[in-house]
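These are my notebook entries on a structure I had not looked at before. I took it one spot at a time.

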Amino acid sequence: MRRVAFLVLAIGLFGAVLGVEDVPLRAADSPRLLVTVVVDQLRADYLQQFNRHWKSGFRTLLDQGMVYENARYPYLVTVTCAGHATIGTGTLPHRHGMINNTWWQRKERALTGCSADSTTTEITYGRPIRLGNSATHLLVPTLADELRTQKPGTRVVSVSMKARSAISLAGHASDAVVWFDDPSESWATSKAFAAGPVPAVKEFVEKNPYEKDLGRVWTLSGAPESYVNRDAGVGERPLAGWNGLFPHPINGRGGVDAQFFALWQATPLADAYLGRLAASLVDTFKLGQREGTDFLGVSFSVLDDVGHAFGPESREVEDVLRQLDTTIGTLIAHLDATVGRANYALALSADHGVAPMPIPPRGGRVATDDVRERIEDTLRTAWGPPQKGTYVDAVNFTDVYFADGVFDKVRANAAVLASLVKNVEEIPGVVRVLRTDQLSENSRDPLVRSAALSFVAGRNGDLMVVPKEYWFMSPRAVNGTTHGSPYEYDTHVPVIFFGGGIKAGRSKASVTPADIAPTLADLAGVKLPMAEGRALLGGDR
Ligand SMILES: [Zn+2]
């Protein structure tokens, strides 16, 4: 019955695209292409705050999509890898395993990146690359993985500047997963996804060298007086080579070098490049233009770079979004022309939000070294120097990892434990110290619940140090601001569905980005056995 209703709607909408050339002759009874668009650091309030600017992609999605206004991440560590894996799989970090962008590996005594994989070899579309990436740490299948299993013939393409973003949307195998490798300044994939360079990607990168943007200038896309935000705001930390004022030249210290690349990837040019790459791969792989259901993941990263450096109230953030509106609009127009709007379903969301600039006295930075020293001092006072090394192996973001056997000793001694917790909670900006052995998803304490959803034994530490609102944990003062907390500005993100058979509307229902994959799966008639999110759009299509 639902299928019939969907078909009727799809045919109805199909009429709207008849004027477009090259669309398939009839609308399929389930989408031929599922598209997940993630905008890194897109806070929910941006879409309203800058509403006057939207003319293209965001305008279409807000006016013609189903907009969920109350979408929030329910877990503590709101960072890129966790968010993308949540969107990609329909599960939360305690289940998908991407608890953070990095975590401490006790056996190797080293930090690992969430997508790092020393057993795979990187494939470059430019200069040689050292480190491998794969989905080896992702503990559940993605929506794209399930599509490939349940609908043989499915093609999967995923692109981002960040490996962890492209991979967490794609999953464990795919036709083209493309990211940018920072150290080598080259587009990349790995042997986990392809035997060699994917010809379609190679051709695009060779025809469109990003290096040709050397010497270009990022200028405002509108008149200065049309901006909500002022230029050169308080607390900005412009990237090396820039100051706080527009225009921002895209130059290296000596041509195409690390500085050039760092600046290029923090301008709207990089988002536009990624959009063109995605559109080109839609064409070469004929995504959505055959029988079956394909998957396209696109994660735009520029806003995150710019937001960290200039903060959410900057003119830079506002202009990135104005230009991204055009980039997303261009991608939607391309999908309309090649796939037909009736034949694809698109979800837009974000992996996390961002905190306002931490300006004292309201906010600030908790240095992870201070946390480490406070714990070390407490235990030295109680027990004297450790027999070897230090009591603490690592403090990584919110996680404290004790050396072998130390946490057992600490929790066996109530007085030592109490003074340790008290001393850390006295650090300005710290609100709570949680024991990870006492986390429960059913706790009545919302903070304990959110930490439990971010916890995987063997990946997280022994303690989690939670900062106060407007404060954040950071090893160094490199960024203006960041994200990663359980507070509204980090957790509240957009969730919008758009495309064939999806009615325009607004919902105030409480949802999470873990509902995105189940919703798209439901449209495509695919099961997600591990999903914790639920299929939305129920009666709305
Ligand atoms: Zn970030």
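**Glu316.** I looked up Glu316 and found it in helix α12, which covers residues 315–338. The model is a predicted one, so I treat each value here as computed from it. Is Glu316 buried or exposed? Glu316 counts as buried because its relative accessibility is 0% and the cut-off is under 20%. Next I listed its contacts, leaving aside neighbours within four places in sequence. They are Trp218, Asp231, Glu236, Gly244, Phe246, His248, Val306 and Phe310. I also checked Ala266: Glu316 and Ala266 are 50 residues apart in sequence, and their C-alpha atoms are 9.7 Å apart.

**Helix α11.** Two of those contacts, Val306 and Phe310, are also among the buried residues of α11. I turned to this helix, residues 302–310, and found it mostly covered, with eight of its nine residues buried. Which ones are buried? They are Val302, Leu303, Asp304, Val306, Gly307, His308, Ala309 and Phe310. Gly311 follows α11, and its phi is positive, near 85 degrees.

**Thr89.** I moved to helix α4, residues 80–89, where Thr89 sits. Thr89 is buried, at 2% relative accessibility. Its side chain makes a polar contact with the side chain of Thr91, at 2.8 Å. Beyond the neighbours within four places in sequence, Thr89 is in contact with several residues, including His96, Leu138, Val140, Pro141, Thr142 and Leu143. Ala517, Leu528 and Ala531 are also among its contacts.

**Aromatic pairs.** How many aromatic pairs are there? I noted 24. One of them joins Phe180 and Trp264: the ring centres are 6.4 Å apart and the planes stand at 45 degrees, so the pair is tilted. It links distant parts of the chain, with Phe180 in strand β7 (residues 176–181) and Trp264 in helix α9 (residues 258–264), 84 residues apart. I checked the burial of both partners. Phe180 is buried at 3% relative accessible area, and Trp264 is buried at 0%.

I then looked at Tyr470 and Tyr489, which form a stacked pair, 5.5 Å centre to centre with 25 degrees between the planes. Tyr470 lies in the loop between β17 (463–467) and β18 (471–474), and Tyr489 lies in helix α17 (residues 488–491), so the pair ties together parts 19 residues apart in sequence. Tyr470 is partly exposed, at 23%, whereas Tyr489 is buried, at 7%.

Phe180 and Trp264 came up again in one aromatic cluster. The cluster also holds Trp187, Phe204, Tyr210, Phe260, Phe261 and Tyr273.

Last, I looked up the second largest pocket, with a volume of about 440 Å³. Its lining has 18 residues, and Lys388, Thr390, Ala403, Asp404 and Val406 lie nearest its centre. The elements that give two or more residues to this lining are α13 (368–383), β14 (392–396) and α14 (406–411). I sorted the pocket lining by class as well: seven nonpolar, four polar and seven charged.

How values were computed. Residues are numbered from 1 along each chain as its sequence is written. This is a predicted model: local features need pLDDT of at least 70, side-chain atom pairs count only at pLDDT 80 or more; totals for chains, interfaces and linings use all residues. Side-chain values use heavy atoms; hydrogens and water are left out. Helices (H or I, at least four residues) and strands (E, at least two) are DSSP runs, numbered from the N terminus. Buried means under 20% relative accessible area, exposed over 50%, partly exposed in between (1.4 Å probe, protein chains only). Contact means heavy atoms within 4.5 Å. A polar contact is a pair of N or O atoms within 3.5 Å; within protein, one must be able to donate a hydrogen and the other to accept it, and residues adjacent in sequence count only if both atoms are side-chain atoms. On a 1 Å grid over the protein atoms alone, a cavity is a set of points where a 1.4 Å probe fits but cannot get out, and a pocket is an open set with protein on both sides within 12 Å along at least five of seven lines; lining residues have an atom within 4 Å of a point. Grid points are joined across faces, edges and corners, and a volume is the space filled by probe spheres set on the points. Ala, Val, Leu, Ile, Met, Phe, Trp, Tyr, Cys and Pro count as nonpolar, Asp, Glu, Lys and Arg as charged, and the others, Gly among them, as polar. Rings of Phe, Tyr and Trp (its six-membered ring) pair if their centres lie within 6.5 Å; planes under 30 degrees apart count as stacked, over 60 as edge-to-face and the rest as tilted.
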